[in-house]
Amino acid sequence: MELPRLQKIHYSRSACNSPVINTLYKTPMEFSPALLPETHALPDAPAPAKADGRKPMIGLSREELLAEVLALGESKFRASQLWHWIYHRGAKTFDEMTPLAKKLRERLDGMYTLARPLADKDLTSFDGTRKWLLQFADGNKAESVFIPEEDRGALCVSSQVGCTLTCKFCHTGTQKLVRNLTAEEIVSQFMLARDALGEWPSSKEPRLLTNIVMMGMGEPLYNYENVAKALKIIMDGEGISLSRRKITLSTSGVVPMIRQCGEELAVNLAISLHAVTDELRDVIVPLNKKYPIAELLQACRDYPTASNSRRITFEYVMLKGVNDSLADARALVKLIKGIPAKINLIPFNAWPGAPYECSSWEQIEAFAQVVLAAGYASPVRTPRGRDIYAACGQLKSDSEKVRKSVLLKQQKESAASV
Ligand code: SF4
């Protein structure tokens with residue numbers, strides 16, 4: 001039987017990934033189960049204060065925004081107006097909000113800000129992929145990557161600065177977790193990309209930024225509260241209004257959070273799988289020691305929105321001589337039997353000091369044919385943005401972990417200097 005030609009996809013990135021800005025590469029941390037948090041509830045660093053002391057309005061939930069408006073003695077309707085101007089029109093200043101009285105605009109401007117993070121670096125690849133190194137109010141940095149297609153495009157969004165996990169194929173995994181990103185910082189990644197692409201208002205058609213993949217730096221399910229809050233803002237029908245079907249959240253397998261994510265957000269799910277035995281996955285994705293493959297796949301079977309029209313994506317990075325045999329391919333299709341799924345095969349994107357090599361193209365094709373013959377779509381992801389270290393698994397910023405006490409001191413000093 002002649003099998004259909006392999007489909008190549010371009011727009012999405014792998015399970016969590018990460019950019020490389022500095023060249024100070026560290027040895028990947030040795031895995032210890034003790035390093036893994038018990039739940040997603042990692043201690044958050046305090047939200048960074050803006051240098052001028054104003055409060056960010058981006059990232060407030062509808063309820064929080066309403067509470068702020070009422071506290072100012074304004075009517076309820078003002079909260080809807082502000083929401084519309086911020087998320088539908090993309091206003092960067094209160095002064096643009098001309099239906100609001102000048103006095104109110106000035107008052108808001110004195111108390112709040114709509115500022116985006118600083119784009120410390122803005123790099124465009126020869127293939128059109130664009131990467132921003134974003135600097136937040138406390139100086140920490142994370143990256144966002146826009147991967148354009150002809151008539152659509154995905155923004156790969158980060159959820160943490162660094163990562164607690166140490167997936168062996170991933171450059172971010174060599175950067176210790178600095179802190180979780182706040183909802184403001186997650187939504188702002190989208191706002192900044194849309195500013196850069198000139199795609200406001202939200203109703204503008206056609207537009208290039210059509211999808212979001214939570215596959216940047218960090219494990220989104222270890223920063224669930226902020227990620228959920230941010231995605232609810234982005235999905236809100238009176239603002240950015242991006243459909244949940246256009247949003248994919250990728251996890252390395254934080255099993256206890258998967259169901260909640262499906263029930264509360266109902267976004268598409270991607271699993272960073274990469275191996276078919278616990279023995280190997282324990283090495284490549286060390287979180288597997290805590291949540292082994294069988295538990296992870298059961299969580300996928302139970303994922304509320306999984307269906308033939310909304311299949312779960314299994315990310316599988318192709319590592320030469322490690323996980324790329326045809327026996328692995330056969331074991332893979334056996335493992336996921338019964339799950340509405342597609343498998344993204346990702347040619348490994350090397351980074352300096354990486355312990356693996358990419359499988360040969362012939363081997364990737366042969367692997368894909370086995371998967372395809374079993375009835376699963378098996379697109380091979382064309383690497384994007386390799387020249388700017390924006391490809392899958394290559395993201396990394398130079399932010400380093402600062403002790404919480406030092407952070408607090410820095411914030412106090414910065415507030416005092418205002
Ligand atoms: S180390 Fe693992 S969880 Fe963390 S960013 Fe990389 S792939 Fe994602």
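Which handedness, left-handed or right-handed, does the crossing of helix 1 and helix 2 have? In this predicted model, the crossing of the two helices is right-handed. The contact is formed by Arg 62, Leu 65, Leu 66 and Val 69 on the side of helix 1, and by Arg 78, Ala 79, Leu 82 and Trp 83 on the side of helix 2. Of the residues that make this contact, six are nonpolar and two are charged, while none is polar.

Two packed helices are described by the angle between their axes and by the distance between those axes. Helix 1, comprising residues 62-71, packs with helix 2, comprising residues 77-88, at an angle of about 125°, and the axes lie 8 Å apart. Because angles of 65 to 115 degrees count as roughly perpendicular and those over 145 as roughly antiparallel, helix 1 and helix 2 are oblique to each other.

Helix 2 contains 12 residues, which at 1.5 Å a residue should span 16 Å, and this agrees with the separation of 16 Å between its end C-alpha atoms. The buried residues of helix 2 are Ala 79, Leu 82, Trp 83, Trp 85, Ile 86 and Tyr 87, and the buried residues of this helix pack against helix 1. Helix 2 is followed by Gly 90, which has a positive phi, near 75°.

In the chain as a whole there are 11 helices and 15 strands, and buried residues account for 47% of its 418 residues. Among contacts between residues at least 6 apart in sequence, 75% join residues that are at least 24 apart.

Key: Residues are numbered from 1 along each chain as its sequence is written. This is a predicted model: local features need pLDDT of at least 70, side-chain atom pairs count only at pLDDT 80 or more; totals for chains, interfaces and linings use all residues. Axes are lines fitted to C-alpha atoms, for helices over the stretch in contact, and angles run from 0 to 180 degrees between N-to-C directions. Helices (H or I, at least four residues) and strands (E, at least two) are DSSP runs, numbered from the N terminus. Angles under 35 degrees count as roughly parallel, over 145 as roughly antiparallel, 65 to 115 as roughly perpendicular and the rest as oblique. A crossing is left-handed if the near helix is turned anticlockwise from the far one by less than a right angle, and right-handed if clockwise. Two residues are in contact if their C-beta atoms, placed from the backbone, lie within 7 Å. Ala, Val, Leu, Ile, Met, Phe, Trp, Tyr, Cys and Pro count as nonpolar, Asp, Glu, Lys and Arg as charged, and the others, Gly among them, as polar. The expected span of a helix is 1.5 Å times one less than its number of residues. A residue is buried if 20 or more other C-beta atoms lie within 10 Å of its own, exposed if 12 or fewer, and partly exposed in between; C-beta atoms are placed from the backbone.
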